[in-house]
Every structure is written in C-alpha cells, then in structure tokens.
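Hi everyone, thanks for coming.

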Amino acid sequence: MITISTPGKLMLLGEHAVVYGYPCIVTTVDKYLTVKVRKISEEQDVILTPGVSDDKFVREAVVVFRNKFSIKQPIHLETKSELGNYGLGSSAAVTVAILKTLAKLFNVSLDKRELFNLSYEVVKKVQRLGSGFDLAVCIWGGTIYFDGKSKKVEKLTDEKLPIVVSFSGSKANTVEMVNKVKRLKDKNSKLVEDIFKSIASLVEKGKKAIFDKDWVTLGKLMTKNHLLLKKLRVSTDKLDRLVSAVCKAGAFGAKLSGAGGGDCIIALVSSEKKKQVELTIEKAGGEII
Ligand code: PMV
C-alpha cells in the first residue's frame with residue numbers, strides 16, 4: 001500500500017493574470033489530501049473518492065498514468081481530504097497525489113518537472129483551461145513564485161505566513177470566472193491588459209516583501225490586488241465586505257483568493273490583531289477555516 005498526502009493552496013497574489021502568462025505567488029496550507037493505493041487481483045479498479053467533489057480529475061489521472069506507462073494492473077485507490085469544499089485546491093492536490101502514488105506503486109521515477117507536466121496534462125484534459133499554479137505549489141511546497149508563461153517555479157520560502165482564511169459562504173466556479181474575464185478582455189482588451197500588468201507589478205513587489213518578511217508591504221499589495229480583481233468584476237459584495245471589515249479590524253491587508261465569485265478571502269495579520277480580525281470575520285458572516 002502506498003500513501004501520499006499533498007497540501008491545499010491559497011493564491012497570495014496574481015490570479016487571473018497568471019492564466020494569460022503573467023506571474024503569481026501561491027502558498028500551501030497545512031491541510032492535506034491523502035491518496036492510498038494498492039494493487040489488487042480483481043479485474044477492475046476500485047476507486048473510492050470521499051471528500052473529492054469532482055472525481056473527473058481522479059479518473060483522468062489514472063487514465064493518463066496508465067497510458068503514459070502502459071500499465072494495466074488493476075488498483076484499489078481511496079482518497080481522504082481535509083480540504084473541504086472551500087476552494088483550497090482539492091482537484092490539483094488529488095491529481096498530484098494520485099500520480100505520485102501510482103509512480104511509487106509501479107516504480108516509475110518522476111522528477112518534479114515531469115510530475116508537473118503529467119499533472120498539467122490531466123487538468124487540461126478535464127478542464128481545458130488553467131495556469132497550473134495550483135499543481136506547481138502542491139509539488140514544490142511552501143510559498144512559490146510561478147511564471148504563468150514558462151511554468152517555471154521559484155521557491156520563496158518554506159516558513160509559515162501569518163494568514164487568516166475565511167470562507168465567504170458560497171462556492172466559486174473557476175471555469176465560469178475565467179470565462180467571465182475572457183469575455184471582458186474580448187470586449188475591452190486594453191483595460192484588462194492594463195489590469196494584468198498592474199497585478200504583475202504587485203507580484204514582483206510581493207516577492208521582495210516575502211523575502212524581506214515585510215508583512216506591512218505585503219498586506220498593502222494584497223489589498224491593491226483585491227481592488228484590481230474587483231475591476232475585473234470577479235469579486236462579490238460578500239467578499240468585498242469581508243475584505244474591508246478585516247482591514248478596518250487591523251489586518252495588514254486582505255483579498256479574495258482564487259477565481260473569485262465566492263470561496264475564500266485571506267487576510268495577512270499580526271499575532272496581536274489576529275483575535276480581533278477573527279471576531280470581525282465572524283460578525284461579518286464569514287467562516288474561519
Ligand atoms: O479557483 P481557484 O482557487 O482554482 O483559482 C483559480 C485561479 C485562476 O488564476 C483564476 C485560474 C488559474 O488556473 O490560474
């Protein structure tokens with residue numbers, strides 16, 4: 001039996017722009033998705049996927065692996081997730097975890113880049129779009145700078161970041177939101193390109209702030225990023241309310257995280273303000289994760 005866990009993720013800076021080749025900064029969370037797999041003598045695979053809302057990624061990952069390495073041996077595969085349904089990247093985590101467990105089970109050696117390429121093949125087959133940022137952070141871990149064009153990864157830190165996460169109460173649909181931005185870009189390409197460039201500049205500054213552990217600056221960059229995402233029309237009233245409430249309560253800064261239209265906000269907070277920020281989130285109807 002092979003068991004492997006991969007972490008969930010949160011986008012710190014750069015969502016949407018990264019789909020168009022700009023960079024982003026993404027971090028892992030200390031919650032995991034676990035895959036257990038073993039060979040079986042039955043004729044067909046047994047695949048159990050509790051905690052995974054969309055099992056298309058699971059099935060496609062198995063198919064891609066089998067085709068790539070010409071493996072027919074039936075398997076028993078089971079998932080277990082701590083990631084919930086909050087947009088913490090369970091599809092990416094399960095894709096990476098399955099490919100990793102299968103590689104180990106069948107003695108196939110895959111380095112990080114090969115694992116990324118194979119995982120990205122799965123995501124493109126299931127979802128057709130996506131930058132791959134979530135796969136990269138599951139594979140490299142910690143906090144990374146990810147280039148949307150070259151798909152290159154630069155590790156920024158493995159240290160914990162002082163983040164509070166709140167679910168807004170509604171689920172985001174990534175594909176829908178990416179298509180929404182595409183429609184806006186088709187209609188007004190200059191405006192959207194300018195927003196992407198501004199986001200990319202926040203990402204560059206964010207990279208330096210993380211190296212310097214300058215949370216005041218990083219917080220300001222996050223709030224600016226949120227305002228740009230608002231201009232891309234991917235925020236919601238609830239996300240805006242949560243962001244502004246936590247900033248008033250003393251967070252260094254805050255933003256929606258991910259595609260928008262729901263899911264989570266993240267707030268960067270000092271340990272002194274953490275309690276106050278959490279109380280404010282609860283009062284504003286957010287759920288602390
Ligand atoms: O919805 P999430 O949390 O998977 O984030 C999507 C981030 C996008 O930049 C909008 C899409 C992508 O694949 O980069």
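A quick word on the model: it is predicted, so local features need pLDDT of at least 70 and side-chain atom pairs count only at pLDDT 80 or more, while totals for chains, interfaces and linings use all residues. Residues are numbered from 1 along each chain as its sequence is written, and side-chain values use heavy atoms, leaving out hydrogens and water.

Let's start with the ligand. Of the 13 residues around it, Lys9, His16, Gly130, Ser131 and Thr174 come nearest; being around it takes a heavy atom within 4 Å. An oxygen atom of the ligand sits 2.6 Å from an N or O atom in the side chain of serine 131. Another pairing puts a ligand oxygen 2.9 Å from a polar backbone atom of histidine 16. Taken alone the ligand exposes 380 Å², and the protein buries 93% of that (Shrake-Rupley method, 1.4 Å probe).

Next, helix H6, residues 189-212; helices here are DSSP runs of H or I, at least four residues. H6 reaches 35 Å from first C-alpha to last, close to the 34 Å expected at 1.5 Å a residue (that is, 1.5 Å times one less than the number of residues). After H6 comes lysine 213, with a positive phi near 55°.

Finally, which residues have the most contacts inside the largest nonpolar core? They are Leu77, Ile98 and Leu232, in a core of 99 residues. Such a core joins buried Ala, Val, Leu, Ile, Met, Phe, Trp, Tyr and Cys through side-chain atoms within 4.5 Å, buried being under 20% relative accessible area with a 1.4 Å probe, protein chains only.

Definitions and conventions: Helices (H or I, at least four residues) and strands (E, at least two) are DSSP runs, numbered from the N terminus. Buried means under 20% relative accessible area, exposed over 50%, partly exposed in between (1.4 Å probe, protein chains only). A polar contact is a pair of N or O atoms within 3.5 Å; within protein, one must be able to donate a hydrogen and the other to accept it, and residues adjacent in sequence count only if both atoms are side-chain atoms.
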